[in-house]
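User: Got a model here and I'd like to talk through its charged side chains. Can you take my questions one by one?

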Amino acid sequence: MASAILRQLAGDRVIVRTAGSAPATGVRGTVVTALDEIGAPLAGEYPKPLTDEVVRAADVVITMGCGDVCPIYPGKRYLDWDLDDPAGLPLSGVRAVRDSIETRVRELLRTLID
């Protein structure tokens with residue numbers, strides 16, 4: 001959700017890469033619905049594993065409860081967003097996670113492009 005929202009808000013001003021330490025096999029329908037409601041398409045994204053290359057290429061690394069699994073490299077800015085996992089949540093719960101992510105993405109963008 002964060003990558004879709006960031007792409008929607010930042011356009012081509014920010015390059016977004018997405019990956020997970022334990023990616024799901026697919027994107028849940030409730031996530032797609034919640035993003036569609038705010039006009040933030042997935043743009044072909046799908047769950048994929050986090051690699052060292054993704055982290056090395058980033059200026060800012062945002063984790064969501066990654067813990068010790070995520071590689072740490074000097075010179076990167078790391079943010080850990082403590083959010084509920086939308087897996088298994090009803091649509092109302094997914095919407096709450098989406099809205100929290102959107103708030104955080106807007107705050108992040110202010111620090112990146114203002």
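User: Is Arg 98 buried or exposed?

Analyst: Quick caveat: this is a predicted model, where local features need pLDDT of at least 70, side-chain atom pairs count only at pLDDT 80 or more, and totals for chains, interfaces and linings use all residues. Residues are numbered from 1 along each chain as its sequence is written, and side-chain values use heavy atoms, leaving out hydrogens and water. On a 1.4 Å probe with protein chains only, buried means under 20% relative accessible area, exposed over 50%, and partly exposed in between. Arg 98 has a relative accessible area of 7%, so the label is buried.

User: How far apart are N and O in the salt bridge of Glu 45 and Arg 7?

Analyst: Glu 45 is buried at 18% relative accessible area, while Arg 7 is partly exposed at 25%. Their side chains meet with an N to O distance of 2.6 Å.

User: And how many salt bridges does a search of the whole structure find?

Analyst: One of them joins Arg 106 and Glu 102, at 2.9 Å, N to O. There's also a network linking Glu 37, Arg 95, Arg 98 and Asp 99. The count for the whole structure is six.

Definitions and conventions: Salt bridge = Lys/Arg side-chain N within 4 Å of Asp/Glu carboxyl O.
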